[in-house]
Amino acid sequence: MVSVRKSHQVVSVNFQHWLAEQALSVSNKQALELTWKSVGEYFQQQETPLLKAMEMVEILSSLNLDKDSLVAAFLIPLLEKNLISTDFVEEHFNKEVVMLCQGVEQMAAIKGLGQPAVNSSANSSAVISSNKVDNIRRMLLAMVDDVRAVVIKLAERLCDLREQKNTDEESRVLAAKESANIYAPLANRLGIGQLKWELEDISFRYLHPKVYKKIATLLDETRLERERYMTDFVSDLNQQLKDLQINGNVDGRPKHIYSIWKKMQQKSLDFEQLFDVRAVRIVVEKVQDCYSALGIVHTQWHHLSKEFSDYVATPKPNGYQSIHTVVLGPEGKSVEIQIRTEQMHKDAELGVAAHWRYKEGSPGGKSSGKTNSFDEKIGWLRKILQWQEDVSESGELLDELRSQVFEDRIYVFTPSGDVIDLPMGATPLDFAYYIHSNVGHCCIGAKVSGKIVPFTYRLKTGDQVDILTSKQPNPSRDWLNPNLNYIYSSRARAKVQHFFKLQDRDKHLVQGKELLDAELAKLDYFNVSQSQLKEAAVRFNVKTVDDLYAAIGSGNARLQQIINYFKQFDDKLKPVVDIDPQSLVRESQASKKTQSDSNGITVSGVGNLLTHMAKCCSPVPGDTIAGFITQGRGISVHRADCEQLANSLAQQAERFVEVQWGLDENQSYQVSMQIIASDRQGLFRDISTIIANEKVSIIGIESHSDSAKQTMSMTINMEVTSSELLTRVMDKIRQIDDVVEVKRL
């Protein structure tokens, strides 16, 4: 039934007198009394916030909300006017009140849903800023966390809508559109009929004042006749229920003006053709009594079968339950009859507020275990998502909101009912690492809604995820393989990479030192000092020499680049000998100017020059290359991205020369490839078989094994004809079981 509350019209209000008139429990009145003592002086600065605070308390008390909700509602107008601060609330009130105030504040993001883009061109759609998306996302999570904040916000919007009657037309229309597009659908999804009906009616009155007045006038013109008719009808029906010993209450129900207009529009009916201008509600004790009462109604009067709906057997999406039927009463006049139980009636009037009660007297004002149950939170979240679907028809801005806030995110639950916000496509491992790094490292399995699922399972909104863990961390390197789809988020992937980086540091440090010492030993003409090692560490962006060794062992730093860096010191000690590029020509015959040399290289359009492939980067056909004129060894051909080439050109840029690959497709080039794998029998056979099948020649192999950890590192020197062939060989080797990493040196 539509409940119309009084508005405070007087300029001066006595708080004590107002509080005494309210039908509140003793504890609620005491809580408001204490609140007044803390903030009464701030209300005296402005009268309007006090009137709004009182009205919000009246609305919420009719919805049976608890004392913390009433106190928070009483403070909201002061916070809106900045008469008090959040710090003030935290200092003077309990944690529950603070959280409710913060929840209502977060819901301010909802205002952006109904506002069109400002100064946007006709051809460009509205764009929601990342900050707004984050605010709306936090708002949604707050709504899932505590429904009381939502109900308080709805009451605040209703008060604001009432106040708009004294403002200019533009302000009224904007407020009405916001309420009609956003808050009324939200109240509907939550099943709070008291707020939904009034939000719709007031918005309708502001948006369509002439139509509203016309319908109101038509209702008034037939009021006396209708009231007399309804009194007789209700009395007759009450007597019939008593005769069959059905305990129930029958009363007439005022019709909602907006719903009258909506039905007229949907069914193209005139006011006189409406069936439910005359409406009766029967409230009984038990469900079986609903059908007994229905039998009485249909036996006594003829019913219209097209107007019958059983929402008891099939509730509406917002949980609404009732039996609706239309009968032709005395004089052949149509009467709509609704039949429901007392609990159904309470649900229809209060909606979720009837179920999300916070029991007073429990520690910290917490809810009962039933209220905190996982199933109720899932149901609540679904209502929020359904409401979002309702408002998504309001314009382009809301369509974009749906794509940015909902389609790229999922909302899942922990076993305790906490809501976790994850990117769309997240897996159980993403969830585990979101909870804590150690939970992810120790994860050995996952349950979704009580059932074991694989790590590749894609989580969906509403899933309850329970992670199974071991005592010791034991992540797998396979989790990092993007082709296996174990991990979706970069956050989880970074945590796994960090784990292995720390775990393997000692092994990499030893391996890196051995590799560097072995290479330096080959350069018997050159010794590396400790200071030069420190300089190299700085050059390759690590802090210490040990970090440099670890980077070499892990492959994060290329050994050949470091060797070339040290060679610079040796080259600086040698005398510089100028060289004429023309002396490098083996043949100057005009007929061979465009031929390539024995390495398949053409230099600046002139072939058959003395060239050699730089060992620091080992270029092969397909790589972008550049040349550098060396001292006595002709032109050194490098990959264009080679760091050694960049260092040399930085000092002697005049020695740069353009080079291109020739046309000899049968020319072979040396290249090195490193393989890191778990050591097992037959591994080298599998690798060599792939290389042989691709008709690639192996020049040399170096391998290092760690028997304790059963791992091995293998460096293979090969001859290939192109970078495409090398890439194909490496891709096939990566597919071999137990191979962890394959990279080109």
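A disulfide is a pair of cysteine sulfur atoms within 2.5 Å. By that criterion the structure holds 0 disulfides. This is a predicted model, in which local features need pLDDT of at least 70 and side-chain atom pairs count only at pLDDT 80 or more, while totals for chains, interfaces and linings use all residues. Residues are numbered from 1 along each chain as its sequence is written, and side-chain values use heavy atoms, with hydrogens and water left out.

C443 is buried, at 3% relative accessible area; buried means under 20%, with a 1.4 Å probe and protein chains only. C101 also counts as buried, at 6% relative accessibility.

C443 belongs to strand β9 (residues 443-448), which runs antiparallel to strand β11 (residues 465-469) and is joined to it by 5 bridges. Strands are DSSP runs of E, at least two residues long, numbered from the N terminus, and two of them pair if DSSP finds at least two bridges between them. In β11, T469 stands opposite C443. β9 is also antiparallel to strand β10 (residues 451-453), through 3 bridges, and V448 faces K451 there. β9 and β10 form a hairpin with 2 residues between them, and S449 in the turn has a positive phi of about 55°.

A nonpolar core is a set of buried Ala, Val, Leu, Ile, Met, Phe, Trp, Tyr and Cys residues joined through side-chain atoms within 4.5 Å. The largest has 61 residues, and V39, L60, F74, L75 and V89 have the most contacts inside it. Apart from it lies another core of 32 residues, including A677 and L726.

Definitions and conventions. Buried < 20%, exposed > 50% of the residue type's maximum accessible area, 1.4 Å probe, protein only. Helix = DSSP H or I, 4+ residues; strand = E, 2+ residues; numbered from the N terminus.
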